There are 2 protein chains.
Amino acid sequence: MARKAGSHAETTGPAIRDAALRLFARSGFAAVSMREIAAEVGLRAGALYLYTPDKQTLLFDLMHNHMTALLAAWDATRPAVGPDRRLEQFVAFHIDFHIERPDAVFLAYMELRNLSPENFAIIETQRRAYEDCLEAILSDGQQKGTFTIKDTRVTTMALIAMLTGIHVWYRDGGRLTPERVQTLYKDLVRRTVQA
Amino acid sequence: MARKAGSHAETTGPAIRDAALRLFARSGFAAVSMREIAAEVGLRAGALYLYTPDKQTLLFDLMHNHMTALLAAWDATRPAVGPDRRLEQFVAFHIDFHIERPDAVFLAYMELRNLSPENFAIIETQRRAYEDCLEAILSDGQQKGTFTIKDTRVTTMALIAMLTGIHVWYRDGGRLTPERVQTLYKDLVRRTVQA
DNA sequence: ATTCTATCTGAACGCACGTTCAATTCAATT
DNA sequence: AATTGAATTGAACGTGCGTTCAGATAGAAT
């Protein structure tokens, strides 16, 4: 029989994922046991297997959901006109998205090694697709003469590293507001590519 | 009695550290067993405890040695004259040092979570000291009017992230020589701070 | 040849892990 | 009140972990 709306299973699955995300981000995939995750949502370890086939799949789902949401959210932006403004838009988008999901960002960048080879290949493809979103903007600006870039690929990787590195030091309620961070990084990025 | 030069113990210790570094970098601290490390140098697990008190100390020593060597090497540079050239020197130094030690760099950035709190504090202090080396150059150049920087700390973190991110994509024998990488990043960094 | 000592092994310890599953609980349906 | 079936438990499985240590080994010193 189909589950009724509001049944337990419709909230337990996500709660497990939330707990796993938080714990994996805090201590690392290998250091968190299924018993810990279960305890976090008030269950015993065995019950988790009602919601995930195994621990590896739990990790993959978290990373895959994150990357899929990231790519979908960027696809859903209305492209600003001109490489200049499109690049600004990318910076703002990236910082917003990442500041709102520090745990998922941490996972996506730290736990690649703990994925099975097949799962790794999938996530790696998505990561590459995201890099290509930025590279497309740079190439476009380069072609139009808006930007002056010596090596598009290297600049792409440098900017992605710079932007993603925010998670190393940014803290909610710290010295800088998200808006200030955006302003500062828009400036840094603009300088890096300016003609 | 003091060991003679060339005795086994004077080469086994470093060999164990080399093997541990390689394996930790490849698979992560938690995923590598003492038995694996021992096998890599032709020993059984028990013998490792002649050379390290425990696995945690083995990890800490690797990270601490790396950070200490990094800071000492930078201190040993003859300071170039002027913020402009000093910054170029820092970029060249950082890229050189990191390209030569990809495993140690990987460890130092990925395994902080697996350090005990006391050990973490020590490494974190060293990391901060290294960041301060770059920040000092930026502040100096800002004061002298050589650079135009809106937020010195943020720019420092952005540049460190950009430079360290090289390890994500750089491979020996790849498309770019280390010299070419240095040239490209010197240019990116110069643009980021230029007046 | 014997002693000595640093080095190393092999077995064991207790523990925690991911995962399975028969038995139980519990809420919704009849 | 009885029935049903999904949700959950609790115990167990086999495995591998970090670490210890009594005993074996082997190379240098006497």
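Author: What follows is a set of questions and answers on a predicted model.

Reader: What does the secondary structure of chain A come to?

Author: Nine helices and zero strands make up the secondary structure of chain A. Read from the N terminus, the elements run α-α-α-α-α-α-α-α-α. The C-alpha trace of chain A spans about 60 × 40 × 35 Å along its principal axes.

Reader: How much of chain A counts as buried?

Author: Of its 195 residues, 47% count as buried. The cut-off for that label is under 20% relative accessible area. As for contacts in chain A between residues at least 6 apart in sequence, 65% join residues at least 24 apart.

Reader: What makes the relation between chain A and chain B that of a two-fold axis?

Author: Chain B is superposed on chain A by a rotation of 180 degrees. The shift along the axis is 0.0 Å, and the RMSD is 0.0 Å. That is why the relation is that of a two-fold axis.

Reader: Which C-alpha of chain B is nearest the axis?

Author: That of M162(B), 2.3 Å from the axis.

Reader: How do you know that the same surface serves both copies?

Author: By comparing the contact residues: 100% of those of chain B recur in chain A.

Reader: Which residues make the contact between the two helices 9?

Author: From helix 9 of chain A, they are L188(A), R191(A), T192(A) and V193(A). From helix 9 of chain B, they are L188(B), R191(B), T192(B) and V193(B). By class, the contact divides into four nonpolar, two polar and two charged residues.

Reader: Why is helix 4 of chain B called roughly antiparallel to helix 6 of chain B?

Author: Helix 4 (residues 83-100) of chain B packs on helix 6 (residues 117-144) of chain B at an angle of about 160 degrees. Angles over 145 count as roughly antiparallel. Therefore helix 4 of chain B is roughly antiparallel to helix 6 of chain B. Their axes are 9 Å apart. The crossing of this pair is left-handed.

Reader: What classes of residue make that contact of helix 4 of chain B with helix 6 of chain B?

Author: Nine nonpolar, three polar and three charged residues. Helix 4 of chain B contributes residues including F90(B), F93(B) and H94(B). Among those from helix 6 of chain B are Y130(B), L134(B) and I137(B).

Reader: Why is H94(B) called buried?

Author: H94(B) lies in helix 4 of chain B. The relative accessible area of H94(B) is 1%. The cut-off is under 20%, so H94(B) is buried. Beyond four places in sequence, H94(B) touches Y130(B), L163(B) and T164(B).

Reader: Why does H167(B) count as partly exposed?

Author: H167(B) is found in helix 8 (residues 166-169) of chain B. The relative accessibility of H167(B) is 25%. Buried needs under 20%, and exposed needs over 50%. The value lies in between, so H167(B) is partly exposed. Leaving aside neighbours within four places in sequence, H167(B) contacts V105(B) and F106(B).

Reader: What makes E36(A) partly exposed?

Author: The place of E36(A) is in helix 2 (residues 34-40) of chain A. Relative accessibility here is 38%. That too lies between 20% and 50%, so E36(A) counts as partly exposed. Outside four places in sequence, E36(A) is in contact with L23(A) and A31(A).

Reader: With which residues is F106(A) in contact, leaving aside neighbours within four places in sequence?

Author: F106(A) is found in helix 5 (residues 102-110) of chain A. F106(A) is in contact with A25(A), H167(A) and R113(B).

Note on methods. Residues numbered from 1 in each chain as written. Chains lettered and ligands numbered in written order. Predicted model: local features only at pLDDT ≥ 70, side-chain atom pairs only at ≥ 80, totals over all residues. Heavy atoms only, no water. Least-squares fit on C-alpha atoms with pLDDT ≥ 70 in both. Contact = heavy atoms within 4.5 Å. Axes fitted to C-alpha atoms, helices over the stretch in contact; angles between N-to-C directions. Helix = DSSP H or I, 4+ residues; strand = E, 2+ residues; numbered from the N terminus. Parallel < 35°, antiparallel > 145°, perpendicular 65-115°, else oblique. Left-handed = near helix turned anticlockwise from the far one by under 90°. Nonpolar A, V, L, I, M, F, W, Y, C, P; charged D, E, K, R; others polar. Buried < 20%, exposed > 50% of the residue type's maximum accessible area, 1.4 Å probe, protein only.
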